[in-house]
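Subject: Structure for you to look through

Dear colleague,

Please open it first, and then read my notes beside it.

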Amino acid sequence: NANDRITSQHAIQRAIQESYNRPTRATQESYKSHTRAIQELYKTGPAHTVKRASAVQAASIETTIVFRTLVPLITSWADWAFMDRQAPSRRSLVGLVTIVFGALLYAATSPGGIRVDTWLWAVLYLLVLAFEMVYVKHVLNRLPMSTWTRVYYNNAIALFFSPPFLVFGHEYARLSQGLHALTQPRPAAAVTLSCILGVGISFTGFGLRNLVTATTFTVLGVMNKVLTILFSMLLFAQSASMVSIVALLACISGGTMYQQAPPREGHDEERQAERERLVKS
């Protein structure tokens, strides 16, 4: 009858409305995944930034580079202990040690020398950076999402923590001066270019981290800094002894000796996941 049809129509409409309002399982899993990603980036990002800034203030640049070259030794052990990777080969271990001794020789023969005012910040910088390298790789393996999504979350969280650093660094006193400079074409173009390059570095960094181990990414980061110092010496005619140049070349040779540790035997799922990441890239 008519009443039954009306009741049935109302029931169908309520069911459609409830299904529309209720998120699907895929949507719920995506929301949970993104929430976990934000939490993990929140844990590692601010701590890494604070420790790095404090270490630079408490030691010379050359000393900071030396501590930076020690990080791959820690991450290689962490890859073996926690990330189901094989121990580094003899060739890779010799390469990592060569990087450290090359950095020590460069620092010892540079004008800044090896100087540490506060060992606490230097050790914290070393440990936090090593933890950040391994933990972020763990997050990337366990929480799949696109590279652009990771870039978005990483920069959004960094933007959230920028106001406190502006206060501690007394940057607000120069805020009006900075805003006035942005009204001029050349400073505005420089800032725009730096933003584009920053996004590009973040994108390529997360893309590379998804393909390689934490130790491989760390070694590449060290090589990037060594090459930057070497090119600055050659391009800007900075005064540098032949010993310093040879030390930097020794760091580069050590980096080329390193080979990424493969997954342990019996971890076929990790091997398959690594192949899929390489194919998708």
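This is a predicted model: local features need pLDDT of at least 70, side-chain atom pairs count only at pLDDT 80 or more; totals for chains, interfaces and linings use all residues.

Residues are numbered from 1 along each chain as its sequence is written, and side-chain values use heavy atoms, with hydrogens and water left out.

The fold as a whole

The protein has 11 helices and 0 strands, where helices (H or I, at least four residues) and strands (E, at least two) are DSSP runs numbered from the N terminus. Of its 281 residues, 34% count as buried; here buried means under 20% relative accessible area, exposed means over 50%, and partly exposed is in between, with a 1.4 Å probe and protein chains only. If we take contacts (heavy atoms within 4.5 Å) between residues at least 6 apart in sequence, 83% of them join residues at least 24 apart.

How the helices pack

Two packed helices are described by the angle between their axes and the distance between the axes. The axes are lines fitted to C-alpha atoms, for helices over the stretch in contact, and the angles run from 0 to 180 degrees between N-to-C directions.

Helix α3 (residues 61–82) packs with helix α9 (residues 214–235) at an angle of about 165°, and their axes are 8 Å apart. The two are therefore roughly antiparallel to each other, given that angles under 35 degrees count as roughly parallel, over 145 as roughly antiparallel, 65 to 115 as roughly perpendicular and the rest as oblique. Residues of α3 in this contact include I65, R68 and V71, and those of α9 include A214, T218 and K225. By class, the contact of α3 with α9 has 7 nonpolar, 6 polar and 3 charged residues (Ala, Val, Leu, Ile, Met, Phe, Trp, Tyr, Cys and Pro count as nonpolar, Asp, Glu, Lys and Arg as charged, and the others, Gly among them, as polar).

Helix α5 (residues 119–142) also packs with α9, at an angle of about 130° and with the axes 9 Å apart, and α5 and α9 are therefore oblique to each other. In this contact M133, V134 and K137 of α5 meet A214, F217 and T218 of α9, and the residues divide into 4 nonpolar, 1 polar and 1 charged.

Aromatic pairs

Rings of Phe, Tyr and Trp (its six-membered ring) pair if their centres lie within 6.5 Å, with planes under 30 degrees apart counted as stacked, over 60 as edge-to-face and the rest as tilted. By this rule the count comes to 5 aromatic pairs. One of them is the tilted pair of Y152 and Y153, at 5.5 Å centre to centre and 55° between the planes. Y152 counts as exposed at 56% relative accessibility, whereas Y153 counts as buried at 13%. The rings of F160 and F161 have centres 5.3 Å apart and planes at 90°, so this pair is edge-to-face; F160, at 60% relative accessibility, counts as exposed.

Two loop residues

D84 lies in the loop between α3 and α4 (90–108), and its phi is near 60°, a positive value in a residue other than glycine. D84 is partly exposed, with a relative accessible area of 29%. V116 is in the loop between α4 and α5 and is buried, with a relative accessible area of 19%. The C-alpha atoms of V116 and T63 are separated by 7.1 Å, although these residues are 53 residues apart along the chain.
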